[in-house]
Amino acid sequence: MKVAKPDLVVLWSKICLESDMTAFEQLYRYLYSRLIKFSIYYVSDKQAAEDLVTEVFVKCWENRTAGTSILNPESYLFIAVKNQSLKHLKKNSSVTFIDLVDVDDDVSATTQTPQYILETKELHRQLNLAIETLAPQAREVFRLIKEGGLKYKEVAELLNISPRTVQTQLFRAIAKLRLILRPMVEMELGENRSGKIISWLILLSPLSFLYYL
């Protein structure tokens, strides 16, 4: 018999505001097995995955008073476990991990003038406002993939939807964001540059996201 999903937002609120251990245990029991499976996807070691997930829960409890701004605890915990799993891989691997982003010359480090940095910050602000106008599922898919760095398959597992639905929601989100942002950016930067900047912001640039672990 499938266990009914508890209201994780309510549980999280009790944990953060009331230090409710019973709520914490409910959250732990509901997500533990899925988080283990998720971590194994990266580390390929069940014992390591169990240790990593336990570490994430311990840190959540220790830093519970700082977690009141987290609106989706389930997504947050999956992303936290992913981060811990990747840290584990880096620490225990002889391979050097390097993050590379293929960016056009006009947004390279050599052109990041004070004016460019201010323009980029404003575009990020506009992008975040635009994201809030998306339908709930499209917004969650976009943030998990573009902010959390999760893959389609991982988001599908987390949200209990198909990878095809994840892809569709992401494409819809990007299409709507471009539609919303284009008039704003054209006013700021001119028509010739706006399309390239919008594409860069949506597809390449990491957005601001708060992690407490």
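A residue counts as buried when its relative accessible area is under 20%. W61 has a relative accessibility of 18%, so W61 is buried. The model that gives this value is a predicted one.

F24 falls on the buried side too, because its relative accessibility is 11%. Now look at the two rings together. A pair of aromatic rings is described by the distance of the centres and the angle of the planes. The ring centres of F24 and W61 lie 5.1 Å apart. Their planes meet at 55 degrees, so this pair is tilted. The partners come from distant parts of the chain, 37 residues apart. F24 sits in helix α2, which covers residues 21-43. W61 sits in helix α3, which covers residues 46-62.

F24 and W61 also belong to a cluster. Its members are F24, Y28, Y32, F57 and W61.

F38 is buried, because its relative accessible area is 5%. Y42 has a relative accessible area of 13%, so Y42 is buried as well. In total, the model holds seven aromatic pairs.

Now to the core. In soluble globular proteins, nonpolar side chains tend to be buried together. Here the largest nonpolar core has 50 residues. Within that core, L27 and L77 have the most contacts. Eight helices each supply at least two of its residues: α1 (8-18), α2, α3, α4, α5 (114-131), α6 (136-147), α7 (152-159) and α8 (163-189). Helix α2 gives the most, with nine residues.

Leaving aside residues up to four places away in sequence, L77 touches L27, L31, L35, V56, F57 and C60. Of these, F57 is also one of the aromatic cluster.

Finally, consider helix α4, residues 73-91. Helix α4 has 19 residues. From first C-alpha to last, the helix reaches 26 Å, close to the 27 Å expected at 1.5 Å a residue. L77 is one of the buried residues of α4. Others in that buried set include Y76, F78, I79 and V81. The set also includes E74 and K82.

Technical notes:
Residues are numbered from 1 along each chain as its sequence is written. This is a predicted model: local features need pLDDT of at least 70, side-chain atom pairs count only at pLDDT 80 or more; totals for chains, interfaces and linings use all residues. Side-chain values use heavy atoms; hydrogens and water are left out. Rings of Phe, Tyr and Trp (its six-membered ring) pair if their centres lie within 6.5 Å; planes under 30 degrees apart count as stacked, over 60 as edge-to-face and the rest as tilted. Helices (H or I, at least four residues) and strands (E, at least two) are DSSP runs, numbered from the N terminus. Buried means under 20% relative accessible area, exposed over 50%, partly exposed in between (1.4 Å probe, protein chains only). The expected span of a helix is 1.5 Å times one less than its number of residues. A nonpolar core is a set of buried Ala, Val, Leu, Ile, Met, Phe, Trp, Tyr and Cys residues joined through side-chain atoms within 4.5 Å. Contact means heavy atoms within 4.5 Å.
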